[in-house]
Amino acid sequence: MSTVLVVEDDAALRGALRASLRARHLQVLEAGTGEEALQVAAREHPDLVLLDLGLPGIDGMDVLRTLRESGETPVVVLTVRDTQVEKVMALDAGATDYITKPFNTEELLARIRATLRSREARPPEAHVLRFEELEIDLERRRVLSEGHPVRLTPMELALLELFVNSKGRLLTHEYLRARLRAPGDDRQVSLRVHVRHLRQKLGDASAYPRLIGTEPGLGYRWLLEDGVPTGA
Ligand code: CA
């Protein structure tokens, strides 16, 4: 059973979150302040931290940074609507994902499940992943769509690799650019162009993408469920 630490100073909201999570068979720990959150996290090693950024005392962003420095525990942050800057800061500080208040409980639970799933290590032999009609062999650098080879540039392949390994996590523009930039090369990576080409080649260029979702002003997210390893 996975354990979620809920950090929220609003006791009513905390209680509602506790009830929703317990109903999904998750174990719940609670903290009402940042200080308490850090103590409980250090003592109990939760599988995931759900962190409200607006806290009295130690600020939520500082709690996030401290958690990041001390371990790999995924942190999903709760932010208030229209604080784009805060979201970007939180993601760049290592938040795994964010949820905007007021949130839809089903969406929150889905994000939590996705984050918990992404912690489960992929078996080492499974280097071929299948996402519906796509077959991706990262080791052999081969991508098939409905059985037909898709020719990708090294940049597009690198981008695809980041996406499929992120398992639904939002990847910020900043993160992707930093990962795609060659060492010593200060040129700005034209992310938008590479994403557009990758979408076109994978047949995901419609107005309603199925593979790569855009979060305006923030980044991109791989939309499909975990790839099914074929174990080839
Ligand atoms: Ca709050």
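Which helices and which strand each supply at least two residues of the lining of the largest pocket? In this predicted model, they are helix H4 (84-92), helix H5 (105-119) and strand S10 (170-172). The space in this largest pocket comes to about 410 Å³. Its lining counts 16 residues, and Arg68, Gly94, Ala95, Thr96 and Arg169 are the closest to the centre. Sorted by class, the lining holds six nonpolar, five polar and five charged residues. Domain 1 (3-121) and domain 2 (128-231) each contribute at least three residues to it.

Let's move on to the second largest pocket, with about 230 Å³ of space. Here 14 residues form the lining, and those closest to the centre are Ala110, Ala114, Arg117, Gly168 and Glu225. H5 turns up again and gives the most to this lining, five residues, while strand S12 (219-222) supplies at least two. Eight of the lining residues are charged, five are nonpolar and one is polar. Because domain 1 (3-121) and domain 2 (128-231) both give residues to the lining, the second largest pocket lies between them.

Now for the metal. The calcium ion is coordinated at 2.2 to 2.3 Å by Asp9 (OD), Asp52 (OD) and Gly54 (O). Asp9 sits in the loop between strand S1 (3-7) and helix H1 (11-23), and Asp52 in strand S3 (residues 48-52), so the pair ties together parts that are 43 residues apart in sequence. Asp9 is partly exposed, at 36% relative accessibility, whereas Asp52 is buried, at 4%.

One last stop is His194, in helix H8 (residues 191-201). His194 is buried, with a relative accessible area of 19%. Beyond its neighbours within four places in sequence, His194 is in contact with Met155, Glu156, Leu159 and Val189.

Notes
Residues are numbered from 1 along each chain as its sequence is written. This is a predicted model: local features need pLDDT of at least 70, side-chain atom pairs count only at pLDDT 80 or more; totals for chains, interfaces and linings use all residues. Side-chain values use heavy atoms; hydrogens and water are left out. Donors are N, O and S atoms within 2.8 Å of the metal (3.2 Å for Na, K and Ca); water is not among the atoms, so sites may look incomplete. Helices (H or I, at least four residues) and strands (E, at least two) are DSSP runs, numbered from the N terminus. Buried means under 20% relative accessible area, exposed over 50%, partly exposed in between (1.4 Å probe, protein chains only). Contact means heavy atoms within 4.5 Å. On a 1 Å grid over the protein atoms alone, a cavity is a set of points where a 1.4 Å probe fits but cannot get out, and a pocket is an open set with protein on both sides within 12 Å along at least five of seven lines; lining residues have an atom within 4 Å of a point. Grid points are joined across faces, edges and corners, and a volume is the space filled by probe spheres set on the points. Ala, Val, Leu, Ile, Met, Phe, Trp, Tyr, Cys and Pro count as nonpolar, Asp, Glu, Lys and Arg as charged, and the others, Gly among them, as polar. Domain bounds come from an automatic or database domain assignment.
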